[in-house]
Amino acid sequence: DSIGLSATGSGDIASFNAVNNGTQPVTATIVVTPSFEGCDGPTETFTITVNPTAGMNDPQDMVVCNAEVTSAVAFTTNNTGGTTTYTWTNDTPSIGLAASGSGDLPSFTAVNTDTQPITTTITVTPLFTENGVSCTGPSETFTITVNPTGQVDEIQDQILCNTNATTAITFTTNNIGGTTTYSWTNDTD
């Protein structure tokens, strides 16, 4: 792979923008041959290593319930030949996750005491390090939605005479922003 430097040249090497569109460091070996008035001298060799842009795979969005313990999120990359580390920010710490951190996203107990879902955006920035040089890559974002605890409004008891028809019972909730379904049991069937 080319690092952005031509294959040959003469004179000094001017500054150039390093290029590495791959996933691992690329090292070019440069051989310099000095010549004094047509008399060649011993060559000097040096290398230029270009690290790749730090990359990461886009994490999946997550939907959890209030009081649920989430799974940890392990961030991954296609970069090789060095070390990729991650820093992250959370735009809604009230869900029970810190506002920022480094490394993988830890497991946490989700919090939503509201009546509607809360969606937070997690922004993760990768950093690729090799040979003491660190290169930041583009951030990836994903969301964590914390749904509220299911809730049903109070239901009035009914007292009837034998063979009387009951009043239909319609369940209601104060939860909004999603669908509440109801299941029920009867201990005297």
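The lining of the second largest pocket divides into three nonpolar, eight polar and no charged residues (Ala, Val, Leu, Ile, Met, Phe, Trp, Tyr, Cys and Pro count as nonpolar, Asp, Glu, Lys and Arg as charged, and the others, Gly among them, as polar). The model is predicted: local features need pLDDT of at least 70, side-chain atom pairs count only at pLDDT 80 or more, and totals for chains, interfaces and linings use all residues. Residues are numbered from 1 along each chain as its sequence is written, and side-chain values use heavy atoms, with hydrogens and water left out.

**Second largest pocket**
- This pocket holds about 160 Å³ of space; a pocket is an open set of points on a 1 Å grid where a 1.4 Å probe fits, with protein on both sides within 12 Å along at least five of seven lines, and lining residues have an atom within 4 Å of a point.
- Its lining includes Pro117, Asn147, Pro148 and the run from Asn175 through Ile176 to Gly177.

**Largest pocket**
- The volume here is about 430 Å³, that is, the space filled by probe spheres set on the grid points.
- Among its 15 lining residues, Thr8, Gly9, Ile13, Ile30 and Val31 are the closest to the centre.
- Strand β1 (residues 26-32) gives the largest share of this lining, four residues; strands are DSSP runs of E, at least two residues.

**Asn20**
- Asn20 sits in the segment before β1 and counts as buried at 10% relative accessibility (buried means under 20% relative accessible area, with a 1.4 Å probe and protein chains only).
- A polar atom of the Asn20 side chain lies 2.8 Å from the backbone nitrogen of Gly22, and one lies 2.9 Å from the backbone oxygen of Gln24.

Methods
Buried < 20%, exposed > 50% of the residue type's maximum accessible area, 1.4 Å probe, protein only. Polar contact = N/O pair within 3.5 Å; in protein donor to acceptor, adjacent residues only side chain to side chain.
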